[in-house]
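Work through the two exercises below with the sequence and the model at hand, and try each task before reading its solution.

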Amino acid sequence: MDSFIQNLPKVELHLHIEGTLEPELMFKLAKRNHVSIPFESPQEVRDAYQFHNLQSFLDIYYQGAEVLIHEQDFYDLTWAYLLKCQQDKVVHTEIFFDPQTHTERGIAFETVVNGISKALKQAEQELGISSQLIMCFLRHLDESSAFETLQQALPFKDKIIAVGLDSSEQGNPPEKFKHVFQEAIEHGFLTVAHAGEEGSAQNIIDALEMLSITRIDHGVRCADNEELVEQLAAKRTPLTICPLSNTKLKVFDTMQEHNIVDLLRKGLCVTINSDDPAYFGGYMNDNFKAVADAHSLSKQELAQFSINAIEASFIAPYVKEDLIAQVRQCIH
């Protein structure tokens, strides 16, 4: 199974670029930019990655982002992730970035987006990896801050395909961002949102209805509402599930308890993704292997995760057909 997973073409749809900041790069950038961080070594950073819920992770995640200051830093961060994609046979990736994490500390929006985009463009030319960029609003901030961020994004519309919603789900329901999502849609952005990770199944329903999203990031709590599960299966509404992240943040205690395979077998368009791999112990292949080790899956089922991700992606239909054909070749 390991070699099958290794050779399977993959598409990643739920990846926070700031969450790919490996401790070694964090130290390198801290030194380069004269930023003091509260750790003595990369190992000390790794030891701090013991989380008991989403918030305990977010606290250290925002701290780590402090070392990202210049366009080159965002380029280096993104390029390091794309080399991991190459290793894991990820042929297309749709990356989240959190501009407010940076603009709130005085970094220009263009510094962030240009650094990331430069690496994405280079990966297309040199590594053959295609990509899209999704701008997320931080849900613990207010909607007026999200509106400001949307305005900042407009000059870079050619580089950003969609808007999303991330950060602390508890206490920050979808309706808080209803108006900014409406405006983003009017400007031609596609829409996604985190829902039903720590929050309830109702958050998924509200995100679909109030934010008009086309795919759900996480969404594992849909299982609490049978009617919702049937609706998601019937409509093939994509769920970008992050298995290692879910166990690391105690959404599920063990991978054996994770419901991703159950949802797959119920006909939902579920996909495997790595979320914040530097913090959660694994990139795409690690996530595929963790699911395969914990659940008895056929090659056909593992390949279906890839097919679902291709189907759920924001790429042109003719490219999707070609990629699905490549995945199907792997099964035989």
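F51 and F57 are both buried (under 20% relative accessible area, with exposed over 50% and partly exposed in between, for a 1.4 Å probe and protein chains only). The model is predicted, so local features need pLDDT of at least 70 and side-chain atom pairs pLDDT 80 or more, while totals for chains, interfaces and linings use all residues. Residues are numbered from 1 along each chain as its sequence is written, and side-chain values use heavy atoms, leaving out hydrogens and water.

**Exercise 1.** Classify the ring pair of F51 and F57.

*Solution.* Rings of Phe, Tyr and Trp (its six-membered ring) pair if their centres lie within 6.5 Å, and planes under 30 degrees apart count as stacked, over 60 as edge-to-face and the rest as tilted. For F51 and F57 the centres are 5.5 Å apart and the planes stand at 75 degrees, so this pair is edge-to-face. Ring pairs also link Y49, F51, F57, Y61, Y62, Y279 and F280 into a cluster.

**Exercise 2.** How are helices α8 and α9 oriented to each other?

*Solution.* Helices here are DSSP runs (H or I, at least four residues), numbered from the N terminus. Helix α8 (residues 143-153) and helix α9 (residues 178-186) pack at about 15 degrees, with their axes 9 Å apart; axes are lines fitted to C-alpha atoms over the stretch in contact, and angles run from 0 to 180 degrees between N-to-C directions. Angles under 35 degrees count as roughly parallel, over 145 as roughly antiparallel, 65 to 115 as roughly perpendicular and the rest as oblique, and α8 and α9 are therefore roughly parallel to each other. Contact means heavy atoms within 4.5 Å, and E143, A146, F147, L150 and Q151 in α8 meet K178, H179, V180, E183 and A184 in α9.

Definitions and conventions
Helix = DSSP H or I, 4+ residues; strand = E, 2+ residues; numbered from the N terminus.
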